[in-house]
Amino acid sequence: MVLLLMSVTILHLVTLAMLLIATMEKSWWVWADSEVTDLWHNCFHDNTTNNWLCAATNENDWLQSVQALMVLSVVFSSISFLVFLGQLFTMSTAGLFYLTGLCQTFAGFTAFAACLIFTFHRQEILEDSRDVSMGRFGYCFILAWVCVPLLLVSGVLYIHLRKKQ
């Protein structure tokens with residue numbers, strides 16, 4: 001039981017770190033090796049100074065919904081971890097971690113919704129004069145998709161997990 005508890009805790013921390021990286025890093029859409037777009041910025045690599053030059057993205061409703069859902073996913077996952085720690089030390093023996101599992105599952109569903117919106121509305125989100133087929137999804141987008149099943153699985157594990165001595 002201790003091994004399962006440690007495994008679920010490590011899985012939770014790993015998915016939380018992956019969510020933070022996916023939300024804040026600069027690679028949701030890659031136009032070329034020297035130009036990337038994320039949820040917050042459009043960045044170009046300047047070869048003369050060897051620096052990234054970033055400007056804020058153009059705000060639209062689809063982008064704002066993806067931003068809000070990813071931030072909400074991070075918040076739900078963080079709350080879930082704090083609730084888990086609280087329940088771990090205050091809950092009686094044989095208690096179930098329902099609230100923790102529920103928060104973690106909500107985090108998974110909000111990340112899922114954000115990824116779906118970005119997938120199906122990337123043309124409107126990117127609002128670029130270039131053709132979207134000239135770019136590709138970046139690693140942060142893929143990382144967000146990887147987080148979805150991990151969050152849902154950990155949420156289900158929390159719901160089935162019982163506190164033992």
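Two residues are taken to be in contact when their heavy atoms lie within 4.5 Å. By that criterion, threonine 105 touches Leu152, Gly155, Val156 and Ile159, leaving aside residues up to four places away in sequence. Threonine 105 itself sits in helix 3, which covers residues 98–120. With a relative accessible area of 15%, threonine 105 is buried, because buried means under 20%. The model described here is a predicted one.

Stepping back to the whole protein chain, the secondary structure amounts to five helices and five strands. Read from the N terminus, these elements follow the order α-β-β-β-β-α-α-α-β-α. Along the principal axes, the C-alpha atoms fill a box of roughly 60 × 30 × 20 Å. Of the 165 residues in the chain, 43% are buried. Among contacts with a separation of 6 or more, 70% involve residues 24 or more positions apart. The accessible surface comes to about 8800 Å², and carbon and sulfur atoms contribute 69% of that area. As for charge, the chain carries 7 positive and 11 negative side chains, with the centres of the two sets 22 Å apart.

A search of the whole structure returns 13 aromatic pairs. One of them joins phenylalanine 81 and phenylalanine 84 in a tilted arrangement, 6.5 Å centre to centre and with 40° between the planes. Both residues belong to helix 2, where they are three residues apart, about one turn of the helix. Phenylalanine 81 counts as buried at 15% relative accessibility, and phenylalanine 84 counts as buried at 1%. Phenylalanine 84 also forms a tilted aromatic pair with phenylalanine 97, at 5.3 Å centre to centre and 55° between the planes. This pair links distant parts of the chain, 13 residues apart: phenylalanine 84 lies in helix 2, and phenylalanine 97 in the loop between helix 2 and helix 3. Like phenylalanine 84, phenylalanine 97 is buried. Elsewhere, one aromatic cluster is made up of Trp28, Trp29, Trp31, Phe112, Phe118, Phe137, Phe141 and Trp145.

Valine 132 is found in the loop between helix 4 (122–126) and strand 5 (136–137). With residues up to four places away in sequence set aside, valine 132 touches Trp29, Trp31, Arg122, Gln123 and Leu126. Although placed in a loop, valine 132 counts as buried, because its relative accessibility is 9% and the limit for a buried residue is 20%. Valine 132 and phenylalanine 106 are 26 residues apart in sequence, and their C-alpha atoms are 31 Å apart in space.

Technical notes: Residues numbered from 1 in each chain as written. Predicted model: local features only at pLDDT ≥ 70, side-chain atom pairs only at ≥ 80, totals over all residues. Heavy atoms only, no water. Helix = DSSP H or I, 4+ residues; strand = E, 2+ residues; numbered from the N terminus. Buried < 20%, exposed > 50% of the residue type's maximum accessible area, 1.4 Å probe, protein only. Phe/Tyr/Trp six-rings, centres within 6.5 Å; stacked < 30°, edge-to-face > 60°. Areas by Shrake-Rupley, 256 points an atom, 1.4 Å probe, with all protein chains shown as cover. Lys, Arg positive; Asp, Glu negative; His and termini not counted. Charge placed at Lys NZ, Arg CZ, Asp CG, Glu CD.
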